[in-house]
Amino acid sequence: MSPMRVVLIEDHNLTRMGLQAALQEQDGIEVVGEAANATQGLKLLESLKPDVAIVDIGLPDMDGIDLTRKFKSSHTDTQEPETRVLILTMHDSEDAVLAAFAAGADSYCMKDIEIEQLVEALEVTQEGNAWIDPAIASIVLRQVKRESSSEMAANQDRTVKIDGVGPEYEQVIEAYPLTERELEVLELIVAGASNAAIAEKLYITVGTVKTHVRNILNKLCVDDRTQAAVHALRSGLIT
């Protein structure tokens with residue numbers, strides 16, 4: 001299997017060098033490029049086409065959120081960029097988190113993350129799923145709940161279509177119900193737990209957790225963990 005190709009876009013030299021050294025020691029990961037600003041970073045993304053780009057928000061010439069938006073918007077809907085974007089930053093404010101995802105970021109991690117968790121986040125992100133740092137997961141879920149409440153309040157007198165509670169979705173759940181263990185895993189996903197944390201909590205291996213997560217995504221007809229959490233909350237699977 002080919003190693004995961006990673007590009008680092010981080011203006012702080014010591015942080016960038018430390019990340020590069022730590023990631024290069026991990027099996028299956030190759031740091032193929034690095035940049036100290038957004039301009040250089042965008043050029044690297046276009047030329048190297050890595051699997052995952054680790055992007056800091058606080059870049060000197062253009063912040064990481066604008067970089068992500070510019071990179072994602074430069075590709076048409078039918079030509080989705082192969083490169084996934086993982087935001088790695090010290091910013092845990094609600095505005096920064098929501099702006100990053102609105103710009104098209106695939107995952108969001110805090111800089112104090114352990115290297116083992118960062119590797120897991122990279123793997124999840126490369127697979128096309130979202131990895132949200134447990135420290136900021138509550139921000140995303142609060143926004144989901146606010147949007148659901150506002151949507152229902154604004155449409156009390158007419159039929160409301162909320163993704164995830166339609167007849168087709170209900171038929172899928174009826175045909176492929178979640179097992180008790182899958183519901184436990186889903187509840188921990190909603191709580192923002194990583195695969196490693198879920199494994200520790202449920203006394204199972206990380207590999208088993210990944211299998212459960214994959215089954216949950218398939219049964220809920222969603223693409224990533226964030227969408228699974230949204231569907232779980234909106235459909236009442238998890239309250």
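Is Thr89 buried or exposed, judged by its relative accessibility? In this predicted model, Thr89 has a relative accessibility of 0% and therefore counts as buried, the cut-off being under 20%. The residue belongs to strand S4, which covers residues 84-89. Leaving aside residues up to four places away in sequence, Thr89 touches Asp56, Ile57, Tyr108, Cys109, Met110 and Lys111.

**The sheet**

Strand S4 is part of an open sheet of five strands, arranged in the order S2-S1-S3-S4-S5 with parallel pairing. Strand S2 (29-35) and strand S5 (107-110) form the edges, each pairing on one side only. From one strand to the next, the twist averages 25°. Between S4 and S5, the parallel pairing extends over four bridges. Within this pairing, Leu88 stands opposite Cys109 in S5.

**Helices on the sheet**

Two helices that contact the sheet can be described by their direction relative to S4. Helix H3 (residues 64-73) lies across strand S1 (4-9), strand S3 (52-55) and S4, and runs at about 175° to S4. Helix H5 (residues 115-126) also packs on the sheet, where it touches S1, S2, S3, S4 and S5; the direction of H5 makes about 155° with that of S4.

**Helix-helix contacts**

Two packed helices are described by the angle between their axes and the distance between the axes. The table gives these values for two pairs.

| Helix pair | Axes come within | Crossing angle |
|---|---|---|
| H1 (residues 13-24) and H5 | 11 Å | roughly 75° |
| H8 (residues 180-190) and H9 (residues 195-202) | 10 Å | roughly 130° |

At roughly 75°, H1 and H5 are therefore roughly perpendicular to each other. Their contact brings Leu19, Ala22 and Leu23 in H1 against Ile115, Leu118 and Leu122 in H5. By class, the residues of this contact comprise six nonpolar, no polar and no charged.

For the other pair, the crossing angle of roughly 130° makes H8 oblique to H9. The crossing of H8 and H9 is right-handed. Helix H8 contributes Arg181, Glu184, Val185, Leu188 and Ile189 to the contact, and H9 contributes Ile198, Lys201 and Leu202. The contact of H8 with H9 has five nonpolar, no polar and three charged residues.

Notes:
Residues are numbered from 1 along each chain as its sequence is written. This is a predicted model: local features need pLDDT of at least 70, side-chain atom pairs count only at pLDDT 80 or more; totals for chains, interfaces and linings use all residues. Side-chain values use heavy atoms; hydrogens and water are left out. Axes are lines fitted to C-alpha atoms, for helices over the stretch in contact, and angles run from 0 to 180 degrees between N-to-C directions. Angles under 35 degrees count as roughly parallel, over 145 as roughly antiparallel, 65 to 115 as roughly perpendicular and the rest as oblique. A crossing is left-handed if the near helix is turned anticlockwise from the far one by less than a right angle, and right-handed if clockwise. Contact means heavy atoms within 4.5 Å. Ala, Val, Leu, Ile, Met, Phe, Trp, Tyr, Cys and Pro count as nonpolar, Asp, Glu, Lys and Arg as charged, and the others, Gly among them, as polar. Buried means under 20% relative accessible area, exposed over 50%, partly exposed in between (1.4 Å probe, protein chains only). Two strands pair if DSSP finds at least two bridges between them.
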